[in-house]
There are 2 protein chains.
Amino acid sequence: MTKQKLTLVKVGGKVVEEKDSLADLLDRFSKLEGIKALVHGGGRSATAMAERLGIETKMVDGRRITDQAMLEVVTMVYGGLVNKNIVAQLQALGLNAIGITGADLNYMQAVKRPVKDIDYGYVGDIVAVNVEELNLLLDKQVIPVLAPLSHDKQGSLLNVNADTIAAEAAVAFAEHFDVELVFCFEKPGVLEDSEDDSSVIASLNHTQFKALQESGAIHAGMIPKLDNSFAAIKRGVSKIRITNIPGLQIGGTTLLPE
Amino acid sequence: MTKQKLTLVKVGGKVVEEKDSLADLLDRFSKLEGIKALVHGGGRSATAMAERLGIETKMVDGRRITDQAMLEVVTMVYGGLVNKNIVAQLQALGLNAIGITGADLNYMQAVKRPVKDIDYGYVGDIVAVNVEELNLLLDKQVIPVLAPLSHDKQGSLLNVNADTIAAEAAVAFAEHFDVELVFCFEKPGVLEDSEDDSSVIASLNHTQFKALQESGAIHAGMIPKLDNSFAAIKRGVSKIRITNIPGLQIGGTTLLPE
């Protein structure tokens, strides 16, 4: 049986946190054909809310140190403020969205990251993904909106990187759907020259990526995203694109299997 | 065809906001047999968070004036902090919970309350309830956890009283289920003497309630809850009980049709 197509869009960075760009993104997202889902970040909003509450933000290698106070902040901001505003805006566009975390439906379970050199606190590493009920909702034209939070099934929420949520969800959905994962951020794609937005690489397989990485052509910040993406392709995701809002439908860099 | 029983528990006041009493409530809730759902408040947590953010809480007749800044607070606290912590704790108890607002699945739509004498701001009056997708999830043993928020289907969330959410959801579920609605709060039931917790009235029909109201025996704070409850019974809810945590399974005051 041919699988139905599912487009899973991950939106992060400024795109999700500035009112105008979010409205633009959601409008374009609403026009994508077929079955679809959204994963969002919200780090800037969390940092701003933490600051208003007098809680200091500490980042190590781009990851947020999440103590009990910061866990409350990200639970409020990712699970409440950002997630529910996206849902309400999608409903206004006629899309039947539902906003959830990994704790909801137990769809994504994690363990608290073991402490080696750094104690990240309440940060989760994914251990199990179950999209049975989400598949049921997707078949009913419901649009899942996934916040970057998971839980340990022992009563605690855990902070999880939104790119990781997107890749893990895409792999799980790939059992039932032909999944295209689209990373939507500020840049128009993977760039040959990180200073030149017109130097988008149209397509990239793993061998080409490794060659570009060795030559130092690819911006360091893109490397974990690309490593995770190629891993997701190996695990069953049909296609991955990296693009910005104007490229949502067809633009950007397409990652290909060998 | 005989309808299946659904127990909808509304928990509010201190019960939901103190760690130990919430854990006790959720433990007892997890032991209720059959299909079930939970509605929660969170007003005290919202007031506390608003205070930390330097936002003043204004109440009129027990209702929260909800300007833009307060809407952000209740969206974070009800939709995020309180809701997701309950979901994570239910998952730890082996219950497959999903936490949502009225915007999610567009299950409860409201209009911003028209300004008469008082401008309540972003407070909603319910205009439409659709539990089609929730019924599907309930049939799969999923436990909906409903936050006291709705939306206007024009992109704005709206603050809604949790008792109202509970009554409207109960009426909507009553089309497919035999619904028992249980209001769980600090007092053991409707009291003949508001100073004496042992004076619980075991059962009450509408005529008896009106007689007690006229004699001044019923505490003023209970009257809107009882008015709403009897209205819900007229609209198809099979049974309503008002009780505290120890009475969750069988105790408290049972409201009856005539």
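Predicted model: local features only at pLDDT ≥ 70, side-chain atom pairs only at ≥ 80, totals over all residues.
Across the interface of chain B and chain A, 12 residue pairs are in polar contact, counting pairs in which both residues have pLDDT 80 or more. Which elements of chain B supply the side that touches chain A? Helix 3 (43-52), helix 4 (68-92), strand 5 (96-100) and helix 5 (132-139) of chain B each give at least two residues to that side. The largest share, 14 residues, belongs to helix 4 of chain B.

The interface also holds charged pairs. Two salt bridges are found between chain B and chain A. One of them joins Asp104(A) to Lys84(B), with 3.0 Å between the closest N and O atoms.

Let me turn to the extent of the interface. In contact with one another are 40 residues of chain B and 40 residues of chain A. Between the two chains, an area of about 3,300 Å² is buried, and carbon and sulfur atoms give 67% of it.

How are the two chains related? Chain B is superposed on chain A by a rotation of 180° with 0.0 Å of shift along the axis, at an RMSD of 0.0 Å. That is the relation of a two-fold axis. In chain B, Gly80(B) has the C-alpha nearest this axis, at 1.9 Å. Of the interface residues of chain B, 100% are also interface residues in chain A, so the copies meet through the same surface.

Finally, the cysteines. Over all chains, the structure contains zero disulfides. Is Cys184(A) buried or exposed? Cys184(A) counts as buried because its relative accessibility is 1%, and buried means under 20%. Cys184(B), also at 1% relative accessibility, counts as buried.

Notes
Residues numbered from 1 in each chain as written. Chains lettered and ligands numbered in written order. Heavy atoms only, no water. Least-squares fit on C-alpha atoms with pLDDT ≥ 70 in both. Contact = heavy atoms within 4.5 Å. Disulfide = S-S within 2.5 Å. Buried < 20%, exposed > 50% of the residue type's maximum accessible area, 1.4 Å probe, protein only. Buried area = accessible area lost by both parts, 1.4 Å probe. Salt bridge = Lys/Arg side-chain N within 4 Å of Asp/Glu carboxyl O. Polar contact = N/O pair within 3.5 Å; in protein donor to acceptor, adjacent residues only side chain to side chain. Helix = DSSP H or I, 4+ residues; strand = E, 2+ residues; numbered from the N terminus.
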